[in-house]
Each structure stands twice: as C-alpha cells, then as structure tokens.
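Me: I have just opened this structure and would like a friendly tour. Could you take my questions one at a time?

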Amino acid sequence: MDWIKAQKLTPNEFAKYALAALTKFGRKGTYSELAALIYRSESTIMTWCAPNSENPLPLHARHHIWLAISALQTTKPKHRRPWTQKDDDYLKEHYHKSTSVELAAALGRSYSAVASRVTELGIKSHLQINDDLLSKLNNLSLSNAQISKITGLPRQTIYNQRKKHQITGYLSDRGRPKSKLR
C-alpha cells in the first residue's frame with residue numbers, strides 16, 4: 001500500500017493494516033512489535049489504535065510505521081539458496097578451469113558466495129609451486145618476475161609462496177636484495 005492510501009485510512013484501519021503486514025513478513029503481528037518499529041511503548045500504541053480513542057494514532061506515527069513496514073518489504077532474506085551437491089560438484093570440477101566470476105555467473109551466485117564456498121570445501125588453487133622447485137629456483141637468486149616467467153605462474157603467487165615459507169634474501173623485481181618480507 002502506498003502512503004497516499006495509508007493516509008486516508010482511519011487510525012483503527014491503519015493499525016489493522018500494519019498488524020496484517022507484519023504477519024505477512026513472518027512476524028507475530030502484535031502491538032509490541034508495532035511499538036518496537038517506531039520506538040514507542042506498547043501501551044501508547046494500544047491507546048492510539050483503540051476504536052473511538054480520544055488520542056487516535058497521529059499522522060506522524062502512522063508515517064513512521066508505514067516506512068518501517070515498507071523497509072521490511074525491501075529487505076533481502078537473511079538466508080540464501082542453500083548449496084546443493086550438484087553445485088559443489090560443479091565447483092570442484094570447474095574451479096581450476098574458470099575464474100570465480102565465471103563460476104558465479106554459471107551458478108547464479110555472487111562472487112563472494114563462490115569464494116566462501118570454495119574455502120568451505122577446501123578446494124586449493126592450482127596456482128601452487130612445488131616446494132622442491134621453489135627451493136631450487138631460490139638458490140639461483142631469481143626475482144619473482146623471473147620465476148614467474150619460468151613457471152608460468154603469476155608473480156603474486158610466487159611472492160605468496162616465498163612469504164609462506166619465510167624465504168628471504170632473493171632479488172626483488174627491481175634487482176635489489178629482498179632482506180625481509182613485508
């Protein structure tokens with residue numbers, strides 16, 4: 001219901017609309033919930049909404065309630081579509097062949113949802129360098145860029161692997177010795 005129609009309702013009709021709207025969104029639809037929406041006491045709401053009340057529900061309070069109910073209509077659900085075994089199998093099969101953005105589009109999910117699920121499933125990136133190879137290349141005092149060209153892996157992956165194994169003393173990409181990792 002839009003605000004123009006809501007204004008034309010009597011205070012009692014508006015209260016009935018508001019309580020019905022609350023139940024529609026999975027709430028109990030009580031005066032205490034209505035009171036919580038606009039930070040008023042339950043007794044005040046009951047007084048305002050009583051038929052033939054001397055203090056009917058004021059227009060500004062109706063507007064606050066209407067805004068709160070409208071916000072309930074536009075909020076996203078807290079729980080998303082659960083992951084199925086089929087989704088998990090698809091991720092495991094295609095993770096090393098596709099980017100997370102492509103996987104998100106194929107599964108109809110967000111990038112962050114895919115990234116979180118990959119972590120939950122424990123799927124490791126195929127962009128790893130063998131520890132044995134890394135130590136051999138490290139003995140040659142090569143920079144990350146040089147190892148990147150040899151292995152075909154991104155420089156950031158090389159850097160991360162060196163950081164993970166606390167390897168220092170290699171040449172930076174600018175040709176200076178790298179004494180400590182940042």
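Predicted model: local features only at pLDDT ≥ 70, side-chain atom pairs only at ≥ 80, totals over all residues.

Me: How many helices and strands does the protein chain have?

Reply: Helices (H or I, at least four residues) and strands (E, at least two) are DSSP runs, numbered from the N terminus. Read along the sequence, the pattern is α-α-α-α-α-α-α-α-α-α-α. The count for the protein chain is 11 helices and 0 strands.

Me: What percentage of the protein chain counts as buried?

Reply: Buried means under 20% relative accessible area, exposed means over 50%, and partly exposed is in between (1.4 Å probe, protein chains only). The protein chain has 182 residues, and the buried share of them is 34%.

Me: Which residues does Ile69 contact, leaving aside its neighbours within four places in sequence?

Reply: Contact means heavy atoms within 4.5 Å. Ile69 is among the residues that touch the most other members of the largest core. With those sequence neighbours set aside, the partners of Ile69 are Tyr17, Ala18, Ala21, Phe25 and Leu37.

Me: Is Cys49 buried or exposed?

Reply: Cys49 is found in helix H4, and beyond its neighbours within four places in sequence it is in contact with Asn12, Ala15 and Tyr31. The C-alpha atoms of Cys49 and Glu13 are 8.6 Å apart, though 36 residues separate the two along the chain. Because its relative accessibility is 1%, Cys49 counts as buried.

Me: Where does Tyr39 lie, and what is its phi near?

Reply: Tyr39 lies in the loop between H3 and H4, and it is exposed, with a relative accessible area of 76%. Most residues other than glycine have a negative phi. Tyr39 has a positive phi instead, near 55 degrees.

Me: How is H6 oriented relative to H7: roughly parallel or roughly antiparallel?

Reply: Axes are lines fitted to C-alpha atoms, for helices over the stretch in contact, and angles run from 0 to 180 degrees between N-to-C directions. H6 (residues 85-94) and H7 (residues 100-107) pack at about 150 degrees, with axes 11 Å apart. Angles under 35 degrees count as roughly parallel, over 145 as roughly antiparallel, 65 to 115 as roughly perpendicular and the rest as oblique. H6 is therefore, relative to H7, roughly antiparallel.

Me: Which residues of H6 and H8 make their contact?

Reply: The axes of H6 and H8 (residues 111-121) come within 11 Å and cross at roughly 85 degrees, so H6 is roughly perpendicular to H8. The residues in contact are Asp88, Leu91 and Lys92 of H6 and Val114, Arg117, Val118 and Leu121 of H8.

Me: Why does Asp88 count as buried?

Reply: Asp88 is found in helix H6 and, leaving aside its neighbours within four places in sequence, is in contact with Trp83, Arg117 and Leu121. Its C-alpha atom is separated by 8.6 Å from that of Val118, 30 residues apart along the chain. Asp88 counts as buried because its relative accessibility is 6%.

Me: Which helices do the buried residues of H11 pack against?

Reply: H11 covers residues 155-164, and its buried residues are Thr157, Ile158, Tyr159, Gln161 and Arg162. These buried residues pack against two helices, H9 (131-139) and H10 (144-151).

Key: Residues numbered from 1 in each chain as written. Heavy atoms only, no water. Core = buried A, V, L, I, M, F, W, Y, C linked by side-chain atoms within 4.5 Å.
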